[in-house]
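This report describes one protein chain, starting with the whole and ending with single residues. Please keep the sequence and the structure in view while reading.

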Amino acid sequence: MKVGDLIQSSAFVGQHGIIIEKRHPETIEGSWYHVVWLKVNHNYSLSFSKEWGRHEWLRSHEIEPRDIS
């Protein structure tokens, strides 16, 4: 995955976003992706405070590429 890719959450249906930054840490966990969510799934947003700005850092197993063709 790369910056600009449209993705979907691996855990929540209807949770789509765009990768805006990618980091390659020197850890075994692999790359991290900074994602801005386009639509916040109701069940997903309940786990965050009202201050959550619809963006977060995620690992590759938490997101999947979204096919828009």
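Accessible areas come from the Shrake-Rupley method with a 1.4 Å probe. On that basis, the chain exposes about 4900 Å², and carbon and sulfur atoms supply 53% of this area. The model is a predicted one.

**The chain as a whole**

The chain has 69 residues, and 28% of them count as buried. One helix and five strands are found in the chain. Read from the N terminus on, these elements follow the pattern β-β-β-α-β-β. Among the contacts in the chain with a separation of 6 or more, 42% are between residues 24 or more positions apart.

**The sheet**

The five strands form an open sheet, in which the order is β4-β3-β2-β1-β5 and the pairing is antiparallel. At the edges are β4 (55-59) and β5 (63-65), each of which pairs on one side only. On average, neighbouring strands of the sheet are turned by 45° against each other, direction ignored.

| Strands | Sense | Bridges |
|---|---|---|
| β2 (residues 16-23) and β3 | antiparallel | six bridges |
| β3 and β4 | antiparallel | five bridges |
| β1 (residues 6-9) and β5 | antiparallel | three bridges |

Single residues show how these pairings are built. Q8 has E64 in β5 opposite. For H34, the bridge partner in β4 is W57.

In a regular strand the side chains alternate between the two faces of the sheet.

**H34**

H34 is placed in strand β3, which covers residues 32-37. Is H34 buried or exposed? Its relative accessibility is 12%, so H34 counts as buried, because buried means under 20% relative accessible area.

Which residues is H34 in contact with, leaving aside its neighbours within four places in sequence? They are I18, I19, I20, E21, H55, E56 and W57. Of these, W57 is also the bridge partner of H34 in β4. With H55 there is a polar contact between the two side chains, at 3.3 Å.

**R59**

R59 lies in strand β4. The relative accessibility of R59 is 23%, and therefore R59 counts as partly exposed. R59 and G30 are 29 residues apart along the chain, yet their C-alpha atoms are separated by 7.3 Å.

**Salt bridges**

How many salt bridges does a search of the whole structure find? The search finds two. One of them is formed by D5 and K2, whose closest N and O atoms are 3.0 Å apart. K2 has a relative accessible area of 53%, so K2 is exposed.

The side chains of E21 and R23 also meet in a salt bridge, with 3.8 Å from N to O. E21 counts as partly exposed because its relative accessibility is 32%. R23 is likewise partly exposed, with a relative accessible area of 47%. E21 is also among the residues in contact with H34.

Conventions. Residues numbered from 1 in each chain as written. Predicted model: local features only at pLDDT ≥ 70, side-chain atom pairs only at ≥ 80, totals over all residues. Heavy atoms only, no water. Helix = DSSP H or I, 4+ residues; strand = E, 2+ residues; numbered from the N terminus. Buried < 20%, exposed > 50% of the residue type's maximum accessible area, 1.4 Å probe, protein only. Polar contact = N/O pair within 3.5 Å; in protein donor to acceptor, adjacent residues only side chain to side chain. Contact = heavy atoms within 4.5 Å. Pairing = 2+ DSSP bridges. Axes fitted to C-alpha atoms, helices over the stretch in contact; angles between N-to-C directions. Salt bridge = Lys/Arg side-chain N within 4 Å of Asp/Glu carboxyl O.
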